[in-house]
Amino acid sequence: MGRKDSVWSLGDGQGPEDLDKPIDSPPRSTLLIESPQSASVPVGGDITFVAKVEAKDLLRKPTIKWFKGKWMDLASKTGKHLQLKETFERLTKIHTFEMHIIKAKDNYAGNYRCEVTYKDKFDSCSFDLEVKGLLNSEGQDDAGELDFSGLLKHREPKQDDTPEVDVWEILKNARPDQYEKIAFMYGITDLRGLLRRMKKIPKEEKKSEAFAKKLEPAYQVDKGGKIRLVVDLADPTVELKWYKNGQEIRPTPKYIFEHKGTQRIMVINNCSMNDDAAYSVAAGDEKCATELFVKGILITCIEAVKTTVNERIELECEVSEEGAQVKWMKNGVEVPTGVRSRYRVKCEGTKHFLVIDDASREDTGTYSVMATGGTSEARIQVDLKPLKVHQDLQDTTVMLGQPIKLLCEISPGNVPGRWYRNGQLVQPNDRINIIHRNKVHRLEIASSSLHDAGDYTFVPEGYSQSLSAKLHIIDPPRVHLDSMNFPDNTVTIVAGNKLRLEIPISGEPAPRVVWMKGERVSFNLFSFHIIFIWSCLFKVILESGQRVRAETYGDQTSLTIEVTEREDTGNYKIVLQNEAGEATASVKIKVVDIPDPPEAPLVPVVGGDWCSMTWEPPKYDGSSPILGYFVERKKKQSSRWMRLNFDLIKETSFEPKKMIEGVPYEVRIFAVNAIGVSKPSEPSKAFTPLAVTSEPTMLVVDDVTDTTVTVKWRPPETIGAAGLDGYLVEYCIEGSKTNSNLLKTNLTEKTRYTITGLTPGCKILVRVKALNAAGASTPRTLQHSILVKEVIEPPKIRVPRHLKQTYTRRVGEAVNLVVPFMGKPRPKVTWLKEGKTIEPTDVSIRNTDCDSIIFIRKAERSHSGKYEMNVQVENHVDTAILDIQIVDLPGPPVCVTIEDVWGGNVALVWTPPKDNGNAPITGYTIQKADKKTMEWFTCIEHYHRTCITITELVVGNEYFFRIFAENMCGLSETATQTKKSALIVKEGLQIKTHDYNDHDFKEAPKFTQPLINTFAIAGYNATLNCSVRANPKAKVIWMKNKIAILDDPRYRMFSNQGVCTLEIRKPSPYDGGMYSCKAINDLGEAQVECKLEVKGQCGPRGELSLPPWVRVCIRV
């Protein structure tokens, strides 16, 4: 019966004994052929970590990064304490990456990581650095660039009052399923490492509380014998139970239980093979276990075997009893005997066999067989068969694309074998054919490729000897410019940018590459030394250049220009050479840049708010065509430039506008190409926009004599910032065809000029120009020529508008009248008053060529009258009459009498004043005064009649009255008072009351304003109005063609204070008809109606325009 093994369950976790097993991880590309290993270094010492990557299958250099911890990239920490180095060996095609740590500090210790990437491949390796020794105080100031803790913010250490926790003790005492929870709680990141170390710590046996002495780990007894299993209890009162393979044992003659003090004994009598089992005893919650082995099966010894591969091996042993359990072991490990195992076990009675059908060298070892009665072992030695080589593999060199044949001849001929390339098994496919005929083994490849090169090995199956040869694939060098898709093999780059031109190349072995800017270089193909022929036509680019350098990798060569310049433009030649041949290619590099600034612009023409400017294109266009120009301007005193155009100017001329006249300006130019905008040109010379004035206005002939012509004009409407210096009058005789006959007068500042020295009877043309600093304006020319001959002009008096009516002034005011007139020669002016000559002592008169002035310093009423003005030129006379009225205050009324007195009323009557002040009486002012106080109070003002009734007088008082006359000058200086007084007498009054009946205001509806027949225009709102009176208020109903209008959005009805309105919105001819308005209340009803006719609008062809809904109705 088999024993039941104990199992340590971790739940969802992982036990310590499982940590040493390999963990399945996703497949990862293995780029590193040599990884950096963990190491230690003393403080102040140097150490180097090396990582190597094989580049046979890589087209370019892989990318490597060094990290400290999880995130700190060491590429930014290089300096005197850390250096990173890269090298490449062309023969072995291995990239070597080194990290040198110089003068290590104790804070350099920690975990480091190396990561290598190439396209979609990735590989990494972690290693530890241990720094031994203490850091002295002098080195603290130079902690090194690897101490990234200096980047963190410095904080004062805080006092942590929480007690320290021993994670080791917690893990030791915890269950396996709690390991991950504990790691998360205490921040343990390397749980697997802790468990692996915890597994190596010897476990301390816990002292049992139930057992003072437990069972032995194992017991052995002969078959048929007796065995005693003894335990010593710490507490004799504890209940004890015995178990066999987990089943409780009951007392029987075979199993006897004994008690001796604290000892508990189980005796097993007559032991048989069935008693070979696992026994345990339980005392309360504790258990202890043991195993019992029953000896009784004897085993014979197996014999050692020595053979060769591919032979059959059979080990035989014999036991004393049939059915005995036998276990076969190899080097102490049980031999697997499953279905797919190479080992077979068979049993024939008491004989047991271990069979290996096809032996290999791995089968060499010590084999043992185990039974309950003992163990036997023997040594098996498996050697390879001897091999005879008739023809060995030969080193071969093949051109790329040619067929490959590798063959060898061995004996014996029936021995199969395997082909390996660089240690990897070669499998046959469509391209690779493996042939074995008798003693000949042949490997054929139809078309060779670069991947086929390497070390080939043929290993005969079952033999220790192998055949090897090297296969070299050579390929003439090639430059693959077609794959770059460069138009005309030209690369364009903007100046100032970095250019890295990577060109794929091929060739096996790797060709030597030379870049040069020029045309000539010679090669010695036998020694592979490049002999440079220096001349002014080329320049070789070295790999060690600073700004311009050439680099070559396995499958590409690159030209790097850190900062491109204009001088880098040119043809670059690439020369490749290896033992298979030579290849050349040319690449043109074109460095484009912003253009040079143009020269300072010229401003040849300046206007009032504009100027005309021109410039020349820049001397260097940046190797890119000039697309246009930007123009900027600024005031000379300002530093702020303003751009004038947002669309590029294609030409080299421009007219800036909208400048302020009189302000100095400067302009400058920017040239623009596809790369960008150039620097600005030098500013132009300062210029000031100045505009000539507009032409003079209203040029007319003022006077003509036999030898002179007088013209006059008005100033220009627009003068500008340059001001006005004067006028230039030019004239010429009519009939002159050229400007050379123009006669110019002197500059005059007046707007009137007389041309003298003319020939009588000639005709002249006259024009006038306004001059300022900007030049002469456009001339103003008389439309017709002027005949130099004095002309009689009949007189004409131009009476001002205010003198065409009566001219009124008060006494004492001044009179100053100006009456203009016309006429040539100078007219004769005479004044008459009322047909009589005016005395110069009373009225002053002054005459000029064009007007006459009549002046009265202090007017009197005697100056009133009609003044006649006569203007005479030879036989021509013109007359005008002026009516002058001098007014004064009026006199008082002639007589004021009290006509009647009744109740509180007094009737007054008076006569108008004799002197009205030479102006009509405009009203009267009546005042009253109590006889007791004689204080006057105004009763009424501006009263026009000559009789009035004064009311609301106080009964019992006695009143006097007076009246002032009033005209346009004001009230008369004195007033006329009544001679008698008016006494207001109190009379007895008797009030008679009358009976009044309340009026009944109820009324049936009655239209006070009926509806009126109306015409309306289609499309324009129309309204119908009427008014109705009713009490109580009437209900109004509008109807069309005797149909009530209800809830129609085209109609709106209003009613306000009895006025009823119907509004028809945008009527059409269909809305015409009889409209009626009905008013209804409790007393009756009334109705009015009218006819509405809507005239339709005519369309473009004269047809009637109807709304769409009317057209639909007509169609239906």
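Author: Start with Asp357. At 38% relative accessibility, Asp357 is partly exposed, a class between buried (under 20% relative accessible area) and exposed (over 50%), with a 1.4 Å probe and protein chains only. This is a predicted model: local features need pLDDT of at least 70, side-chain atom pairs pLDDT 80 or more, while totals for chains, interfaces and linings use all residues. Residues are numbered from 1 along each chain as its sequence is written, and side-chain values use heavy atoms, without hydrogens and water.

Reader: Which residue forms a salt bridge with Asp357?

Author: Arg344, with the closest N and O atoms 3.1 Å apart. A salt bridge here is a side-chain nitrogen of Lys or Arg within 4 Å of a carboxyl oxygen of Asp or Glu. Arg344 lies in strand E23 and Asp357 in the loop between E24 and E25, so the pair ties together parts 13 residues apart in sequence. Strands (E, at least two residues) are DSSP runs, numbered from the N terminus.

Reader: How many salt bridges in the whole structure?

Author: The search finds 43. One of them joins Glu316 and Lys351, at 3.6 Å between the closest N and O atoms. Glu316 is in strand E20 and Lys351 in strand E24, so this pair ties parts 35 residues apart in sequence.

Reader: Switching to the sheet. What's the strand order?

Author: E11-E18-E17-E13-E14, an open sheet with mixed pairing. Pairing takes at least two DSSP bridges between two strands.

Reader: Which are the edge strands?

Author: E11 (218–222) and E14 (247–248). E14 pairs with E13 in the antiparallel sense, over two bridges. Lys244 stands opposite Gln247 there.

Terms used. Helices (H or I, at least four residues) and strands (E, at least two) are DSSP runs, numbered from the N terminus.
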